[in-house]
Amino acid sequence: MSDDATAFVPGHVTGFFSAHPADDPAVAGSRGAGLTLSHGVTVTVEPAPETTVSLDGEAVEMPPVADVLRSLGVTAAVDAESDLPLGAGFGVSGAMALGTALAANAVFACGRSENELVTLAHVAEVRAGTGLGDVVAQARGGMPVRVEPGAPAHGRMDGVPARPEIEYVAFGGLSTADVLSGDTTTLTAAGETALEALRAEPTLDRFVAESRRFARDAGLLTGGRVETAIDDVRAAGGDGSMAMLGETVFAVGTGLSDAGYDPERCRVHPAGATLRSE
């Protein structure tokens, strides 16, 4: 057992998705597509008599993290640091769950494989109602396409071969749990249509266009700052959409800057979640 271990997990913006619940949380998940970000979450785990979780120095309630540690049969102090806001569509809770799984496995010599650890984190997210597809996407990196839902033994992944620069502006959060616990029939139909279109033409431009169409067709764009910002980006000659699920707009290249906003800038992350070198 080592003193501590640290993992980096990229942020993840979902452009569109369809929800696929199941009695087994390892089978449950989502189909859809997104992009992982070079801005992410760094998670450090060290042994402790009882489990504590902090994000950017503040104690937080993070049920998926506690669930992962219980599944591994350990208690630990989990300290996460992130460039990204919580609850704004960046997959922070999924990143914390996956980073905890990777780092705790190293600290406590649990002997689990990568797929087993991804499954633990995915199951914890599904149980908590905080996400359906972030974890498997963050484990893969790049621009992941979730062809079939679920953890690695059940799901199937592909990707869009592009690594663009990304800008984003976060105006606020949405409750993933509230959206996923409601009627997702319209949302899922829109997500299936978007996925079919992207798989027929797996390009960056198609991904952004289908993400924007999904946000409208799923009834998630209801006016306000997000819709205005997307319209501004398009008027300036760029393209962008809404992060699922958050009051966040992302755009490719300098789309938001060109539209007069002061965005955060990063890139699509080329790899998935990784343990930091010792």
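Predicted model: local features only at pLDDT ≥ 70, side-chain atom pairs only at ≥ 80, totals over all residues.
Biologist: How are H1 and H2 oriented, roughly parallel or roughly antiparallel?

Modeller: The axes of helix H1 (residues 63-72) and helix H2 (residues 92-107) come within 8 Å and cross at roughly 30°. Angles under 35 degrees count as roughly parallel. The orientation of H1 and H2 is therefore roughly parallel.

Biologist: Which residues in H2 are met by H1?

Modeller: The crossing of these two helices, H1 and H2, is right-handed. From H1, the residues taking part are Pro64, Val65, Val68, Leu69 and Leu72. By class, the contact of H1 with H2 has nine nonpolar, two polar and no charged residues. On the H2 side, the residues are Met96, Ala97, Thr100, Ala101, Ala104 and Asn105.

Biologist: What covers the buried residues of H1?

Modeller: The buried residues in H1 are Pro64, Val65, Asp67, Val68, Leu69 and Leu72. Among them, Pro64 and Val65 also meet residues in H2. The cover includes strand S3 (52-55), strand S5 (76-82), H2 and helix H3 (114-128).

Biologist: Which residue just after H1 takes a positive phi?

Modeller: Helix H1 spans residues 63-72. Just after H1 comes a residue with a positive phi of about 75°, and that residue is Gly73.

Biologist: How are H6 and H7 oriented, roughly parallel or roughly antiparallel?

Modeller: The axes of helix H6 (residues 185-200) and helix H7 (residues 204-217) come within 9 Å, crossing at roughly 165°. Angles over 145 degrees count as roughly antiparallel. H6 and H7 are therefore roughly antiparallel.

Biologist: How many charged residues does the contact of H6 with H7 have?

Modeller: In H6, the residues in contact are Thr186, Leu187, Ala190, Gly191, Ala194, Ala197 and Leu198, and they meet Arg206, Phe207, Glu210, Phe214 and Asp217 in H7. By class, this contact has seven nonpolar and two polar residues, and the charged residues number three.

Biologist: Is the crossing of H6 and H7 left-handed or right-handed?

Modeller: This crossing is at roughly 165°. Its handedness is right-handed.

Biologist: Which cysteine counts as buried?

Modeller: Buried means under 20% relative accessible area. Cys110, at 23%, therefore counts as partly exposed. At 8% relative accessibility, the cysteine that counts as buried is Cys266.

Biologist: To how many disulfides does the count come?

Modeller: A disulfide requires a pair of cysteine sulfur atoms within 2.5 Å. By this rule, the number of disulfides comes to zero.

Terms used: Residues numbered from 1 in each chain as written. Heavy atoms only, no water. Axes fitted to C-alpha atoms, helices over the stretch in contact; angles between N-to-C directions. Helix = DSSP H or I, 4+ residues; strand = E, 2+ residues; numbered from the N terminus. Parallel < 35°, antiparallel > 145°, perpendicular 65-115°, else oblique. Left-handed = near helix turned anticlockwise from the far one by under 90°. Contact = heavy atoms within 4.5 Å. Nonpolar A, V, L, I, M, F, W, Y, C, P; charged D, E, K, R; others polar. Buried < 20%, exposed > 50% of the residue type's maximum accessible area, 1.4 Å probe, protein only.
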